[in-house]
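Dear colleague,

I am handing over the structure below, and after it I set out what was found. Please read the notes with the structure open beside them.

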Amino acid sequence: MTDQLTSQPPIDATDERLVRVVSPVDYLRQLGGRLRGGDLGMLPVIFGLVAICAFFYSQEPTFLSSRSLVTMTLYAAPLGIIALGIVLVLLLGEIDLSVGTVSGFTSATTAVMFVSHGQSLTLSILAAVALGALIGGAYAVLFVWVGVPSFVFTLAGLLAFEGALYWVLGDQGTINLPRDSGLPVFTRQKFLSDVQGYALVAVVVAVYLGSRLWTARQKRAAGLTPPNLLGVALKAAALAVGLGWLTYYLGIDRGWGYLPVLFAGLVVVMDLLLRRTRWGRYVYAVGGNEEAARRAGIRVGLVYGSVFVLCSTFAALGGVLVAGQLTTVSQSSGTTDTNLTAIAAAVIGGTSLFGGRGSAYSALLGILVLQAIRTGLNLMNVDSDVRLIVTGAVLLLAVAIDSVARRARSSSGRG
C-alpha cells in the first residue's frame with residue numbers, strides 16, 4: 001500500500017483537474033448539458049437582440065447605421081442606469097414601482113437648485129443623488145422595521161413623489177436647462193476619441209481576463225475545479241473582436257459617448273460587487289432563500305436596506321441624466337413609461353422575478369433590446385400603441401422563458 005501511494009505522481013500546475021483545458025468538442029458538450037438543465041444564462045436575450053436587429057435591418061437598413069447605433073446607446077444609458085437599480089431589487093425577490101417618479105422628483109430638484117436658485121451644477125446633482133439615497137433609506141425602514149411589503153410602499157411612493165414633482169416645479173411647470181451648461185453637454189455632446197475608444201476596449205478585455213484568471217487561481221488554491229481556460233480564451237477573444245469592431249463602426253459617426261461609457265462602467269462595477277464581494281454573495285443568498293440566509297448568520301435587514309438605497313440612488317442619477325438629455329424638466333418627467341421601461345429592461349435582460357438569479361448585465365442587455373425595438377418601430381413610422389404592444393409581448397416572452405428555465409432547473413436538481 002505504501003509503495004502504491006508513493007508511486008503516484010505529484011499534482012502540479014499542469015494537472016488537468018487544475019488547468020481545465022478541454023477540447024472544443026467537450027466544451028460544447030458541457031455547454032449543451034448546461035442548457036438542457038435550464039442554465040440558459042443570457043443566451044435568450046442575446047439571440048433575441050440579434051433577431052430584433054436583423055428584422056429591423058431587413059425592413060429599414062438605416063437601423064444599423066453608425067449614427068442610429070450611437071443615438072441608441074445615448075438614449076438607452078439613463079434608463080439603463082435606472083434599470084440597474086431594479087435588477088438589484090429583483091435579485092431579492094422584491095420590486096420598486098416608484099423609480100420613475102423618484103427620478104422625476106430628483107431631477108426637478110436639480111433643475112430648481114441650478115436654474116431657479118443659482119446653485120452650482122455639481123451641488124445640485126449631488127443633492128439630487130443624496131435625496132435619492134435618503135428615499136431608499138426610508139424604504140428600507142418601512143420594509144425592515146415596519147414590515148410593509150415593497151409593493152405597497154413603492155406604490156405609495158409612485159403617487160407621493162409625483163405630487164412632490166408638481167410641488168417642486170410649482171407654477172412654472174417646466175424648467176429648461178441651459179444647453180451650454182455641463183449636464184446637457186455631458187449627456188449630448190461629449191464623445192471619446194478613436195484612440196480613447198480602443199484604449200478602453202483594451203482595458204475592458206484586460207479586466208475580464210484578469211478577473212477570470214484570478215478566479216482560477218483562487219479555486220486552484222482551494223482545491224476546486226477552476227474555470228475552463230478554453231472558454232475563457234474564446235470569450236476574451238470574442239469580447240476583443242466585438243468591442244473593437246463596434247468602436248470602429250461607431251467612430252464613423254461620433255463614437256462612444258461619455259454617457260453610455262458611464263452606464264457601462266456602473267454595470268461593470270456592480271457586476272464585480274455582486275460576484276466578487278461578500279455583500280454580493282449575501283444578495284444572492286437572501287434572494288434565493290431568505291430564511292436559510294438568516295440562519296447562516298447573514299444580516300438580512302442590512303442587505304435589504306443597502307439594495308433599496310442603491311435602487312433609489314440609481315433612479316435619481318438616471319433622472320438627472322435624462323433631464324440633461326432633454327435639457328428640460330416638466331411635470332411629465334418620470335411619470336410616463338419610465339417605471340415600466342426600467343422594470344421591463346431588468347426582466348427582459350434575464351433577471352428572475354423569483355429572486356436569486358440575474359446579473360448587472362441584465363440591465364444593459366434589456367435596455368438595448370427595448371431601445372432597439374423603439375428605434376426600429378420609429379424608423380418604420382409605427383404608432384406608439386403598437387410599440388407598447390410589442391414591448392409587452394417581449395416582456396411576457398421573457399418571463400415565460402424564465403419560468404420554463406426555472407422548472408427545468410428544479411427538475412434537474414439545480415434549484
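The axes of helix H16 (residues 338–348) and helix H17 (residues 361–379) come within 7 Å and cross at roughly 115°, where axes are lines fitted to C-alpha atoms, for helices over the stretch in contact, and angles run from 0 to 180 degrees between N-to-C directions. Helices are DSSP runs (H or I, at least four residues) numbered from the N terminus. From H16 the contact involves Thr-341, Ala-344, Ala-345, Ala-346 and Ile-348, and from H17 it involves Ser-362, Gly-366, Ile-367, Val-369, Leu-370 and Arg-374, contact meaning heavy atoms within 4.5 Å.

This is a predicted model, in which local features need pLDDT of at least 70 and side-chain atom pairs count only at pLDDT 80 or more, while totals for chains, interfaces and linings use all residues. Residues are numbered from 1 along each chain as its sequence is written, and side-chain values use heavy atoms, with hydrogens and water left out.

Gly-85 lies in helix H5 (residues 66–91) and counts as buried because its relative accessibility is 0%, the limits being under 20% relative accessible area for buried, over 50% for exposed and in between for partly exposed (1.4 Å probe, protein chains only). Leaving aside neighbours within four places in sequence, Gly-85 is in contact with Cys-311 and Phe-314. The C-alpha atoms of Gly-85 and Ala-363 are separated by 8.6 Å, although the two residues are 278 residues apart along the chain.

Val-141, for its part, is located in helix H7 (residues 121–146), and it counts as partly exposed because its relative accessibility is 40%.

Methods: Helix = DSSP H or I, 4+ residues; strand = E, 2+ residues; numbered from the N terminus.
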